Amino acid sequence: MKKGIHPDYHPVVFQDSSTGTSFLTRSTATSDRTVEWSDGNTYPLLVVDITADSHPFWTGAQRLVDTAGRVEKFNRRYGKRTR
């Protein structure tokens, strides 16, 4: 890689605000907040709303959409078109 043209890529701790789960990864994101990790080092802390730990798709809490009910509601509201 060329020197001086890439952003600083460093270890960062991401924390899920709803579950409190944290994980250490690398990112270009920065933060003024820090946290001491289990390895004894201090890393920048980024608190995020959703991670794989709380996202409905990954937790299995995903809602099923009732498409048939939506079609019926649309037809009741607007009626079927005639040519």
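Helices (DSSP runs of H or I, at least four residues) and strands (DSSP runs of E, at least two residues) are numbered here from the N terminus. With that settled, I opened my notebook.

**Entry 1: ground rules.** I noted that this is a predicted model, in which local features need pLDDT of at least 70, side-chain atom pairs count only at pLDDT 80 or more, and totals for chains, interfaces and linings use all residues. Residues are numbered from 1 along each chain as its sequence is written, and side-chain values use heavy atoms, with hydrogens and water left out.

**Entry 2: the overall layout.** I looked up the secondary structure and found two helices and four strands. Reading from the N terminus, I wrote the order down as β-β-β-β-α-α. Next I checked burial, where buried means under 20% relative accessible area, exposed means over 50%, and partly exposed lies in between (1.4 Å probe, protein chains only). Of the 83 residues of the protein, 13% count as buried.

Entry 3: I found Asp16 in strand β1, which covers residues 10–16. Asp16 is buried and yet has no salt bridge. For that term I noted the cut-off: a side-chain nitrogen of Lys or Arg within 4 Å of a carboxyl oxygen of Asp or Glu. The nearest side chain of opposite charge is Arg33, 12 Å away; Lys and Arg count as positive, Asp and Glu as negative, while His and the chain ends are not counted.

What does the side chain of Asp16 touch, then? I looked for polar contacts, meaning pairs of N or O atoms within 3.5 Å; within protein, one must be able to donate a hydrogen and the other to accept it, and residues adjacent in sequence count only if both atoms are side-chain atoms. Another, of 2.6 Å, links the side chains of Asp16 and Thr51. I placed Thr51 in the loop between β4 (42–48) and α1 (56–59). Thr51 counts as buried because its relative accessibility is 12%.

**Entry 4: Val13 and its distances.** Val13 also belongs to strand β1. With a relative accessible area of 1%, Val13 is buried. I looked up C-alpha separations and found 4.9 Å between Val13 and Leu45, which are 32 residues apart along the chain. For Val13 and Glu36, 23 residues apart along the chain, the figure is 9.3 Å. Glu36 sits in strand β3 and is exposed, since its relative accessible area is 58%.

**Entry 5: a loop threonine.** I located Thr28 in the loop between β2 (22–27) and β3 (34–36). Thr28 is partly exposed because its relative accessible area is 43%. Its C-alpha atom is separated by 8.4 Å from that of Val12, 16 residues apart along the chain.

**Entry 6: Lys73.** Last, I turned to helix α2 (residues 67–78), where Lys73 has its place. Lys73 is partly exposed, as its relative accessibility is 48%.
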